[in-house]
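Q: I am new to this structure and would like a short tour of it. Could we look at it together?

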Number of protein chains: 2
Amino acid sequence: MSKTEQDLGARQAHHYYFKNGTMDFYVGWLLGYSQLGGLSPGAVYHCLNQVKDGDPRSWVRAFGAALAFEQAQARDAEATGALARASHHHLAATTAARAALDLCDPRDDEAARLVDAMERSFQAAMATAGHPLERWDIPFHDKHLPAYVSTRLAGATTLFVVVGGGDTYREDLWFFGGGAALARGYAVLLADLPGQGLTPHQGLHFGNATVEALAVAIRAVRARGFAGKLVLCGWSGGGLFSAKYVELFGGVDAWIASTPIEDMARLFEEAMPALLRRNPAGSFQQAVLSLAGRFNPVLDASLRKYDWQFGPGGIANAVERFREVGKVDLDRLDTPLLALVGTSEAAEGRRQARRIYEAVLPRQPRSALVEFPPASGADAHCQVNNLPLAFDHLFGWLEGLGLAPARARA
Amino acid sequence: MSKTEQDLGARQAHHYYFKNGTMDFYVGWLLGYSQLGGLSPGAVYHCLNQVKDGDPRSWVRAFGAALAFEQAQARDAEATGALARASHHHLAATTAARAALDLCDPRDDEAARLVDAMERSFQAAMATAGHPLERWDIPFHDKHLPAYVSTRLAGATTLFVVVGGGDTYREDLWFFGGGAALARGYAVLLADLPGQGLTPHQGLHFGNATVEALAVAIRAVRARGFAGKLVLCGWSGGGLFSAKYVELFGGVDAWIASTPIEDMARLFEEAMPALLRRNPAGSFQQAVLSLAGRFNPVLDASLRKYDWQFGPGGIANAVERFREVGKVDLDRLDTPLLALVGTSEAAEGRRQARRIYEAVLPRQPRSALVEFPPASGADAHCQVNNLPLAFDHLFGWLEGLGLAPARARA
């Protein structure tokens, strides 16, 4: 039961399987998805038993094989008309592909194939289950935001917008509340914003564009006939993007964030591994990547992904990019806020969440802050090891605000 | 990623967390329950991180603390009217208590307190969620069978009877298909039969009484006004008890077993650890318990429980008790059978399942045998690491037989 090794900042307290901290965080995340219809615990451990601790290639191979297995099972189930079972296999295939992507280089053909398989599997899972969700490429300047949106928008009372972070594809947003919201009768919008998913291939990167794109996406839903209330639910980096949206655009009826973020540049500086901080800015990027590659191939794979997501200048410019986005002006936040905070997350993030909550509370007394201790199982970053508990809190809170659709059950 | 140590026969192929095989099987089982609303993966690992490999007392302490935590959370949620969340905490408390019971001596006060907490938590979970299930002590001679039964029996079209095995309390039967059947509109019966749950305290033990009691329980449901079709779903030892019921009483419209068992005496002889087999029958029990206690406290705790369940003569008499029950007369089985088989289970069990399936098939061509390989995550004993996949198969099969209630969704 040894402690885990260095990860990308503090993200969880528990030890699952690997000594490598990044891999171990992914294990907990995958087990969390197993509560929501992803790969079962048995199937996850079937893969893990084939992985060498700290070796990203063995991880990608194992989950790639799981993807092929689940795809074949889904085809067999569809062939016999067993649609419910087919849907579950498609969803398991989605998470198998997603898991493999954790430690791929996103610029490789392998990653492109995995994303394609993930998207097809997810869309087949929705279709075979009859979920009212459709693909949608939302125009954004001369580019587009890959998204999923509810098919029934015109009569919907409340739109639940899931805003992801630095590690999300739009399919993840279904697990982070999108599916739970649909099941409760909400309309949903699940979009890759600049920097997320494969958008860097279009030249879209994290920064001001990410916040602007969120506004474009929400206006596009309204243009499709949606005229109801608006709920934003931001996870990880989405805690900043949703905060900036509330500050700059308003018109939000309820805002949920795990965690709400005021100053991402500072969070980034505080939360990234000491390894990053100790290098002079000049040779920063190169030093980081070569050091990581030599000592920790998993950290290396993760950093190469983040590097790509930040565009020219890469991860070395991350702090600069977030300085451009700027701090959130707390005085301009006037929306009921539910702040979800895991006690095993990095201290700076917890501090900022509390600061925002305390700033909003006097103006919006229905605001709440929920802290999840280790025993709750929801103490990790984004509550990834017990998302249903986060959902209990957030959908209960929305119901209390009168925002739950008529057909919703608490 | 070392292999696990000796367990009570072959029950799984994957390695989860502990070297101790029995503990590791329980880990997988708990993670399986986390797919169905039990303790979340995060909460399970919060406990596991406090457990010393092979030390039953540290296991009982950790899950006892989880029970207290979930009970307190449930009370808080109820106090604020958050019933959905309260229900989830009550169900998590149920599995925390259940986990602690895995390695308690069932004769201790501690076990009695845990069972009491488990029952209260489960009943509160059902009540706060509004599930139509009620407690029922079914009279059995001058004793009773602790059970749960659907509140709406008179108009129900199909009764789904979950038959447990050597490691089940009636609360487990909710996880083993009872809850999934209720959600699909079936009426359900979840009863502790002689030898199961706390029935040994009443002097009820595994043997012919177990099969007789199943018949008494089903007649009692009919006496309450149920007039529909009958489905039996047996797990582990329930694969024998349900088989004997089909043989001796008939009137079953569909029979599911994971796995169907023909000859439990032989299975017992083959599947129990070599440790048991090598001891001469005379000093068998004493030798086993003292050896186990010295070398493997977890195995010791497990064996003491089984010892108690078999009554006078204890586990040393198990083979004899099953010889009295006798082999199942395959020629008398005339009910559509769905046999569920994990490929990582003991060979003798897989052999018997196939024999029964092949015997029934010519008379009942809608019968089916589904084998779950390791990659499916459902390859362990009773599919404990992916029960939803087993449910997809079994409820789809029942629908194909025309036995699904009108409101059921596949």
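This is a predicted model: local features need pLDDT of at least 70, side-chain atom pairs count only at pLDDT 80 or more; totals for chains, interfaces and linings use all residues.

Q: At what angle do the axes of H6 and H15 of chain B cross?
A: The axes of H6(B), residues 170-183, and H15(B), residues 387-400, cross at roughly 50° and come within 10 Å of each other. That makes H6(B) oblique to H15(B). Oblique is what remains once angles under 35 degrees (roughly parallel), over 145 (roughly antiparallel) and 65 to 115 (roughly perpendicular) are set aside.

Q: Which residues of H6(B) and H15(B) meet?
A: Phe175(B), Phe176(B), Gly177(B), Ala180(B) and Ala181(B) of H6(B) meet Leu387(B), Phe391(B) and Phe395(B) of H15(B); contact means heavy atoms within 4.5 Å. By class, this contact has seven nonpolar, one polar and no charged residues.

Q: Switching to H8(B): how many of its residues are buried?
A: In H8(B), 10 of the 12 residues are buried, where buried means under 20% relative accessible area, exposed over 50%, and partly exposed in between (1.4 Å probe, protein chains only). Among them are Leu240(B), Phe241(B), Lys244(B) and Glu247(B).

Q: And what is its span?
A: H8(B), residues 238-249, reaches 16 Å from its first C-alpha to its last, close to the 16 Å expected at 1.5 Å a residue. The expected span is 1.5 Å times one less than the number of residues.

Q: What follows H8(B)?
A: Gly250(B) follows, with a positive phi near 60°.

Q: Now the loops. Where does Ala378(B) lie?
A: Ala378(B) lies in the loop between strand S8 (368-372) and H15 of chain B. Its relative accessible area is 0%, so Ala378(B) is buried. Beyond its neighbours within four places in sequence, Ala378(B) has contacts including Gly342(B), Phe372(B) and Leu389(B).

Q: Is Thr259(A) buried or exposed, and where is it?
A: Thr259(A) counts as buried, at 7% relative accessibility. Its place is in the loop between strand S6 (254-258) and helix H9 (264-271) of chain A.

Q: What does Thr259(A) touch?
A: Not counting residues up to four places away in sequence, Thr259(A) touches residues including Ser236(A), Leu340(A) and Glu345(A).

Notes
Residues are numbered from 1 along each chain as its sequence is written. Chains are lettered from A and ligands numbered from 1 in the order in which they are written. Side-chain values use heavy atoms; hydrogens and water are left out. Axes are lines fitted to C-alpha atoms, for helices over the stretch in contact, and angles run from 0 to 180 degrees between N-to-C directions. Helices (H or I, at least four residues) and strands (E, at least two) are DSSP runs, numbered from the N terminus. Ala, Val, Leu, Ile, Met, Phe, Trp, Tyr, Cys and Pro count as nonpolar, Asp, Glu, Lys and Arg as charged, and the others, Gly among them, as polar.
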